[in-house]
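Here is a short briefing on one protein chain. Look at the fold before reading on.

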Amino acid sequence: MAALALGGFGIGTTEFATMGLLPQIAETFHIPDYEAGHAISLYAAGVVVGAPLIAVLGAKLPRKGMLIGLMLAVALGNGLSAAAQDKTLLLVARFVAGLPHGAFFGIAAVVAATLVAPERRGTAVARVMVGLTVANLVGVPLATAAGQQIGWRTAYLAVAVIAVITAAAIALWVPRLQRVEGASMKSEVRAFGRPTVWFAIFTGMIGFGGMFAVYSYVAPLTTEVAGLPASVVPWMLAVFGLGMTLGATFGGRFVDRSAMGSVFGGLIAVCVILVLFGLTASTPVLMFLFLFLLGFVIQILAAALQIRLMDASPDAPSLASSSNHSSLNVANGAGAWLGGLAIAAGWGYTSTAWVGVGLSLAGLAIALASVVYERRAVTREITNQEMAMASATSTAVETQPR
């Protein structure tokens, strides 16, 4: 598990470090911050495309070999990011770096869930994400600080090195895993025919965008709204990472009790936090507080959505698990893009909080619709069974000899 956590650390660092380095990237290529934010959106697009595609194509491949190959792909994408000499090349490199993201976490989550009792799956999945959360606590702040002092390219180069080390660690330490019986491209794709899978995907896709609308612009929010120096940005990122780490450590207990309850509670909490953030962002202490709370809640929500998708598609766990990361990275790209539109419209950096509230409320509405759909489906199933039993009983009575 240590090797998988190290991979999560590297991926988490490359995903979120860009957000803290937007001013430096923008300065290098002589573009505004919101245009530099396209690097975030292109990374997210890579995750969206890569997660289901790799899960389907690799359905019959050994999971250990898949994990090694995915980490080498992470190294390639980040090496290209560090070497990019213009904005277009950087965007292409960020897309490539995002391709293996979702598949890596998806496969790792499935492996973790199979190693524990069913009632402990929420905790197991949350622990797989610890590498990602520690990245936000340590890796992202350090990468941001190094990027500010040495240059933003060093952050991506460091991730490439971590990815190579992780590939070697997986080869040495992760045991050879058995092939999944009956696994095939057809069985994985069949999962997309279930409405419950799509409800879960869209809940994450829309609802999670609320967090990203704000977090994508944490650097200018810190300097332009709270009036703090750029040197404080890594500390803001560390506070968010601390919240995520504690959410991953303790939040799995909530998911074990009720995955759907955790989805509802998480989305409602995000709405409340973002409202308070938007109203008080100019106060540094409160910005620290609400970023911490946002990180804590969002990690519980991520684990809950992961379990929700795996429950909705038990015969295609790799695709379902990977699709969660696709949906969350659609949220990543959409949140960054919509937040950028609000900023470009002249509404100020705090407008991203209100964009986030709207997205979280929309995600909550989708989650409610999924519950209504499932209850009606259960009611129809019970009604059909009762009708079938009544018909069978009537037929039996009619055929009895008089």
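This is a predicted model: local features need pLDDT of at least 70, side-chain atom pairs count only at pLDDT 80 or more; totals for chains, interfaces and linings use all residues.

Residues are numbered from 1 along each chain as its sequence is written, and side-chain values use heavy atoms, with hydrogens and water left out.

**Overall fold**

- The chain has 20 helices and zero strands. Both are DSSP runs numbered from the N terminus: helices are H or I with at least four residues, strands are E with at least two.
- Of its 402 residues, 54% count as buried. Buried means under 20% relative accessible area, exposed over 50%, and partly exposed in between (1.4 Å probe, protein chains only).
- Among contacts with a separation of 6 or more, 84% come from residues 24 or more positions apart. A contact means heavy atoms within 4.5 Å.
- The chain exposes about 16600 Å², and carbon and sulfur atoms supply 69% of that area. Accessible areas come from the Shrake-Rupley method with a 1.4 Å probe.

**Helix 9 against helix 15**

- Helix 9 (residues 130-149) packs on helix 15 (residues 233-250) at about 170 degrees, with the axes 7 Å apart. Axes are lines fitted to C-alpha atoms over the stretch in contact, and angles run from 0 to 180 degrees between N-to-C directions.
- Helix 9 is therefore roughly antiparallel to helix 15, a label for angles over 145 degrees.
- Helix 9 contributes residues including Val130, Leu137 and Pro141. Helix 15 contributes, among others, Val233, Phe240 and Met244.
- The contact residues divide into 14 nonpolar, six polar and no charged. Ala, Val, Leu, Ile, Met, Phe, Trp, Tyr, Cys and Pro count as nonpolar, Asp, Glu, Lys and Arg as charged, and the others, Gly among them, as polar.

**Salt bridges**

- The structure holds two salt bridges. The term means a side-chain nitrogen of Lys or Arg within 4 Å of a carboxyl oxygen of Asp or Glu.
- Lys87 pairs with Glu35, with the closest N and O atoms 2.7 Å apart. Lys87 lies in helix 6 (residues 87-98) and Glu35 in helix 3 (residues 33-36), so the pair ties together parts 52 residues apart in sequence.
- Lys87 is partly exposed at 28% relative accessible area. Glu35 is partly exposed too, at 23%.
- Glu374 and Arg308 form a salt bridge at 2.0 Å, N to O. Glu374 is in helix 20 (residues 351-399) and Arg308 in helix 18 (residues 284-312), 66 residues apart.
- Glu374 is partly exposed at 28%, whereas Arg308 is buried at 17%.

Conventions: Angles under 35 degrees count as roughly parallel, over 145 as roughly antiparallel, 65 to 115 as roughly perpendicular and the rest as oblique.
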